[in-house]
Amino acid sequence: MNFFTLLAILLGFSFCSLLIDNGPVVVQALHKIYPELQSLENDNDTIEIKQPHRTGFHFQPHRHWMNDPNGPMYFKGIYHLFYQYNPEGAVWGNIVWAHSISRDLINWKSLKPALSPSKPFDINGCWSGSATVLPGFKPVILYTGIDSQNRQVQNYAIPANLFDPHLTEWVKPDNNPIVDPGTEVNSSAFRDPSTAWLSFNGHWNTIIGSRSEQTGMAYLYRSKDFLNWTKVEQPLHSVPNTGMWECPDFYPVSHFGRFGVDTSVTGNWVKHVLKVSLEMTGYEYYTVGKYYPMTDKYVPDNTSADGWSGLRYDYGNFYASKSFYDPMKKRRVLWGWANESDSVQDDVSKGWAGIQAIPRTVWLDPNGKQLLQWPVMELNRLRRKRVMMIHQKLVKGQNVEIKGITAAQADVEVIFSLSSLDNAEAFDPSWVDAQAVCSQLGSTAQGGVGPFGLLTLASENLEEFTPVFFRIFKGETNETNHVVLMCSGARSSSLKDGLYKPTFAGFVDIDLSSKKLPLRSLIDHSVIESFGGGGKTCITSRVYPTKAVFENAHLHVFNNGTESITVEYLSAWSMRSAWVN
């Protein structure tokens, strides 16, 4: 991803072709650049966990700015995470490929940066990319460099010592770049090479995000030796009116079970997923479909929109995601950047900006129409004190506090049982935008079945709270067909002014014949990651409470619908902090 996208993500809206130079603040395309802040150190030598909004178990560097995860991989018993990082300040700038390692995806040790601008082919930037492990356990990084002519070119880097499992040193050979945009491709919109896959004919393939005018596309490149690459005549896939595609990801998922498969696997027993990050919106979307290696084409299934309104990994603060295959545990793991929603000055003051969402296992829903996501199992090792609630009835207007845990740093799993769906409100077929519906019908607006859910990071007297909740409607076709809306609202999350406080939302494609609706929320000081319907719909919210911090944070279950709701089962755990050094 490039800096052009970040303004839309950080501010929650997008502008095109904007150029302002008025004093020290420059806005280029979609990102606000702060030259005077890019190398500004915080007054403190260290950033302590006791900052009220610093997370306890999410990955974040000790200090400074972080954005895209790059090239996560598993190599010789160690997980590697590379990420875009400013080593000199808490705003975007001076970007390098930072590098951290872990044996469990939760506790991390930082190493020195793997890549920094240093040669003509990347002297103006080492931007996003991926890692591929070649046969013989030989890792290679593909990344976008900004060359001396300010063109986006594709480069590679290799470990200096394959016997070092930490892969501490990386070498950028002088035969870079290995993919040049030439005259056929827009050199200012050509970035983020994907993890490569090996075809049946022995060719390696990678896709690179781009656009032609406002048609977003993933160019496909092919190589026999991973050094000499040729552009395939047609893109792997393209969609009009979607703008620049960033951070494309392309991988197979099995028709059956939760296990993942290697990126090079093809055949009738897998489907393929194409994910792109849209510069124009600051959101991602994905499709599930069929890959035809003989013709180098990907065709999405006709089960979801192929564009802005398509399926998302996450309907909140989640961008520039990257997945990798974990051969040790036979799973596909997804990383995503959860950007800040406070002000630039807040970030400079606290000395850091950006976290990574909890890594998630992803697999194909048995319905074949979408993915399911769930936090990696290793996260459960951080669970400590546990409290439970069983068969707690919630009538209209009731909320019950969950006491006995550290509500500012918690893991909550709950199953709601619905007494009746008869009084569900009618669904308006014009409500195609879930976020707009949730913004209009918040957690306090009485409905038939719902709103009901959790009040997270709540202050004692509920001056602050972040609700994560469901609302159920009768569908258009018949009274047994229901529409489930999931929301995470930041409007009441903080008394502080100057924050971006959106309501995020997504529809949940779930069968309610059992009248059961599960929810899991990970609460970590300034982030709430929620997984609705067993991981069908996920929402990440960044919030900045002023009262609901540390031991003053509270957690409730609530119901504001006319139909009673029962908390059939709830487990909530205090979470130990992870080790990130």
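**View A. L167, in the loop between strand 10 and strand 11.** In this predicted model, L167 sits in the loop that runs between strand 10 (152–159) and strand 11. Look at the backbone here: phi of L167 is near 50°, a positive value in a residue other than glycine. L167 has 0% relative accessibility, so it counts as buried.

**View B. F226, another residue with positive phi.** F226 is in the loop between strand 15 (215–223) and strand 16 (229–231). Its phi is near 70°, again positive without being a glycine. Since F226 has 3% relative accessibility, under the 20% cut-off, F226 counts as buried.

**View C. The cis peptide bond at N176 and P177.** N176 and P177 are joined by a cis peptide bond, with omega at about -5°. P177 belongs to the loop between strand 11 (170–171) and strand 12 (190–191).

**View D. The cis peptide bond from G450 to P451.** Here the bond is cis too, with omega near 10°. P451 is part of a strand, namely strand 32 (residues 449–458).

View E. An unreviewed UniProt entry puts the feature "domain: Glycosyl hydrolase family 32 N-terminal" at residues 58–375. That stretch is 48% strand and 2% helix, and its end C-alpha atoms are 11 Å apart.

**View F. Stepping back to the whole protein.** Count up the secondary structure and you get 40 strands and three helices. Buried residues make up 62% of the 581.

Note on methods
Residues are numbered from 1 along each chain as its sequence is written. This is a predicted model: local features need pLDDT of at least 70, side-chain atom pairs count only at pLDDT 80 or more; totals for chains, interfaces and linings use all residues. Side-chain values use heavy atoms; hydrogens and water are left out. Helices (H or I, at least four residues) and strands (E, at least two) are DSSP runs, numbered from the N terminus. Buried means under 20% relative accessible area, exposed over 50%, partly exposed in between (1.4 Å probe, protein chains only). UniProt positions are given in the numbering used here, feature names are shortened, and annotations may be inferred rather than shown by experiment.
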